[in-house]
Amino acid sequence: MMNKCTCPECGSSEFITEPNQYDVLIFTKDGFKVQSSKTIEECKIFCRECSKEIDVLNSTSKVVLLI
Ligand SMILES: [Zn+2]
């Protein structure tokens, strides 16, 4: 059942930001070390199920896809 709180494409209620948030790693004698954490300022949100990008600015009263 789709509602305003779910992805309009597939109905999933889970969303992710991972594609635009990542850690920079360096490899040392002790193994991988986090050098810096980079977060792109503009928050992008994707549907976890179908990977469609969500239109964050227009998703005020319901989830809207960025097309
Ligand atoms: Zn979806």
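**A friendly note on this predicted model**

1. Let me begin with the contacts in the chain: among those with a separation of 6 or more, 50% are between residues 24 or more positions apart. Please keep in mind that the model is predicted.

2. On the overall make-up, the chain has five strands and zero helices. Reading from the N terminus, the order of elements is therefore simply β-β-β-β-β. Of the 67 residues, 6% are buried.

3. Now to the sheet. Three strands build an open, antiparallel sheet, and their order is β1-β4-β5. The edge positions belong to β1 (15-16) and β5 (53-54); each has a single partner strand, so one side of each has no neighbour in the sheet.

4. Two bridges join β4, which covers residues 45-47, to β5 in the antiparallel sense.

5. Which residue has a positive phi although it is not a glycine? That is Ser-51, with a phi of about 65°. As background, most residues other than glycine have a negative phi. You will find Ser-51 in the loop between β4 and β5.

6. Is Ser-51 buried or exposed? Ser-51 counts as exposed because 12 other C-beta atoms lie within 10 Å, and the cut-off for exposed is 12 or fewer.

Note on methods:
Residues numbered from 1 in each chain as written. Predicted model: local features only at pLDDT ≥ 70, side-chain atom pairs only at ≥ 80, totals over all residues. Pairing = 2+ DSSP bridges. Helix = DSSP H or I, 4+ residues; strand = E, 2+ residues; numbered from the N terminus. Buried ≥ 20, exposed ≤ 12 C-beta atoms within 10 Å, placed from the backbone. Contact = placed C-beta atoms within 7 Å.
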